[in-house]
Amino acid sequence: MTDYKTIETKKLHKLIYKERGVRVKLRQLTHIKKIINSGCLLNLEFKKNQEELFNIFVKYSNVLEQIKALNKFFFDLIKTKKEYPKFRLTIKTHFALRTIFTLLNVSKNTAVYKNFDKKLLKKVNFDDFLKITKKIITGLEKLNSEIIDLEEWFNDKYNISLTEGGHLYFCPNCGRFIGEKFRRIKCFCGKNINEGRNTLRKEARYLKDEIYNFFTKGFWLEEAICEVLKQLSDKRYCGIDVLGRSGILHELDILTALDNKKIFLIAECKDTDIDLKDVMKLNVKNEEINSHISCIFTTEKVSDERILQFCKYYKVLIFDKVFNRKSRDILNKIKQEIDLIR
Ligand SMILES: [Zn+2]
């Protein structure tokens, strides 16, 4: 039970809670802390750019995966058939290339796309392979420059960074992808590559895992709301498990002690639509924890009459479309609740 801690309100009761290690670690990372403190999280333009960045990265890493599959294919082919510089494309390779072209938005009208189609499942010579790899490298460079543009925007506007720099290595002779780290190879075009400086090295940006998790697992919204509540309380807990009256643990997105530690507020945060079950669950937690105010925050609009009715009856505060809300309005609404309870 060493992980458990207690939080007390002055008059009423105390709660036993446990912090989630992953969340504590995440919050302590300097670059995550910087993002939370920058005030960017509830800005709609920031959110759009962050999502755009993540979409580019999905494309980017898919291309790299496909290139690896393609490399393996060519490598196996050369090794077993020694047919260099003539390759025979199979359906599998065809799909890998098609995927790459689609991901890189290579137009179906370009010569490389058309010729490739004609020669499908026939012998493709080395020149075709060169054309294809050139196209892939150009495509990756384009994705990378889109990433850099967004990164500059984050930096200029909020002085934060979501990506980190790295490199991609290619064979200078045929454009074969070597990897994200340099390694010595004998390329299937025949070139021996022993040193990093003998490669075709391209700048690349990477998305850090923790940044990815922070934004895709909904943590960003919990931390953003917790940051807003800072003005009401310095006793705020984000991403914790709290022991209910029944003796079972409940996951809580946010718990704060307000009004000089006399009032407990709990909140649920969703960067998706909410349904009736979400607010019902929150209400059960409210009952279990014996909190005084419960709130639900969502990025989406809530218009389901049943949800509105339920929240009205059980006094659950709904803050929908959080991007359009001013922090001041959120705080005022909560202050009104505090005044009613006092
Ligand atoms: Zn090569």
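**Figure 1. The two domains of the protein chain.** The domain assignment, whose bounds come from an automatic or database source, gives domain 1 (4-37 + 218-341) and domain 2 (44-208). This is a predicted model: local features need pLDDT of at least 70, side-chain atom pairs count only at pLDDT 80 or more, and totals for chains, interfaces and linings use all residues. Residues are numbered from 1 along each chain as its sequence is written. The C-alpha centres of domain 1 and domain 2 are 44 Å apart. Contact between the domains involves four residues of domain 1 and four residues of domain 2, where two residues are in contact if their C-beta atoms, placed from the backbone, lie within 7 Å. On the domain 1 side that touches domain 2, two residues are nonpolar, one is polar and one is charged. In this classification Ala, Val, Leu, Ile, Met, Phe, Trp, Tyr, Cys and Pro are nonpolar, Asp, Glu, Lys and Arg are charged, and the others, Gly among them, are polar.

**Figure 2. Overall dimensions of the protein chain.** The C-alpha trace spans about 80 × 45 × 40 Å along its principal axes. The radius of gyration of the protein chain is 27 Å, whereas a compact globule of 342 residues would have one near 20 Å; the radius is taken over C-alpha atoms, and the globule rule is 2.2 Å times the number of residues to the power 0.38. The protein chain contains 11 helices and 14 strands. These are DSSP runs numbered from the N terminus, helices being H or I with at least four residues and strands E with at least two. Of the 342 residues, 32% count as buried. A residue is buried if 20 or more other C-beta atoms lie within 10 Å of its own, exposed if 12 or fewer, and partly exposed in between, with C-beta atoms placed from the backbone. Among contacts with a separation of 6 or more, 62% join residues 24 or more positions apart.

Figure 3. Helix H7 covers residues 209-216, and its buried residues are Ile211, Phe214 and Phe215. They lie on the same side of H7 because they cover an arc of only 85° around the axis, the arc being that of the directions from the helix axis to the C-beta atoms. The exposed residues Asp209 and Thr216 are on the face of H7 turned away from its buried side.

Figure 4. Nine of the 10 residues of helix H8 (residues 219-228) are buried, including Phe219, Trp220, Ile225 and Val228. A nonpolar core is a set of buried Ala, Val, Leu, Ile, Met, Phe, Trp, Tyr and Cys residues joined through C-beta atoms within 7 Å. The largest such core has 54 residues, and those with the most contacts inside it are Ile225, Ile254, Leu265 and Ala267. H8 supplies the largest share of this core, seven residues. Domain 1 and domain 2 each contribute at least three residues to this core. Leaving out residues up to four places away in sequence, alanine 267 touches Ile225, Asp253, Ile254, Cys295, Ile296 and Phe297. Apart from this core lies another, of 26 residues, among them Leu97, Phe101, Val106 and Ile132.

Figure 5. Leucine 97 is in helix H4 and is buried, because 24 other C-beta atoms lie within 10 Å. Leucine 97 and isoleucine 132 are 35 residues apart in sequence, with their C-alpha atoms 8.5 Å apart in space. Threonine 93 is also placed in H4 (residues 91-103). Threonine 93 counts as buried, since it has 20 other C-beta atoms within 10 Å. It touches Leu70 and Phe73, not counting residues up to four places away in sequence. From threonine 93 to arginine 205 the distance is 112 residues in sequence and 27 Å in space, C-alpha to C-alpha.

**Figure 6. Two residues other than glycine with positive phi.** Asparagine 105 has a positive phi near 55° and lies in the loop between H4 and helix H5 (111-118). Asparagine 105 counts as exposed because it has 10 C-beta neighbours inside 10 Å. Lysine 315, also not a glycine, has a positive phi of about 55°. Lysine 315 is in the loop between helix H10 (305-314) and strand E14 (316-319), and it counts as partly exposed because it has 13 C-beta neighbours inside 10 Å.
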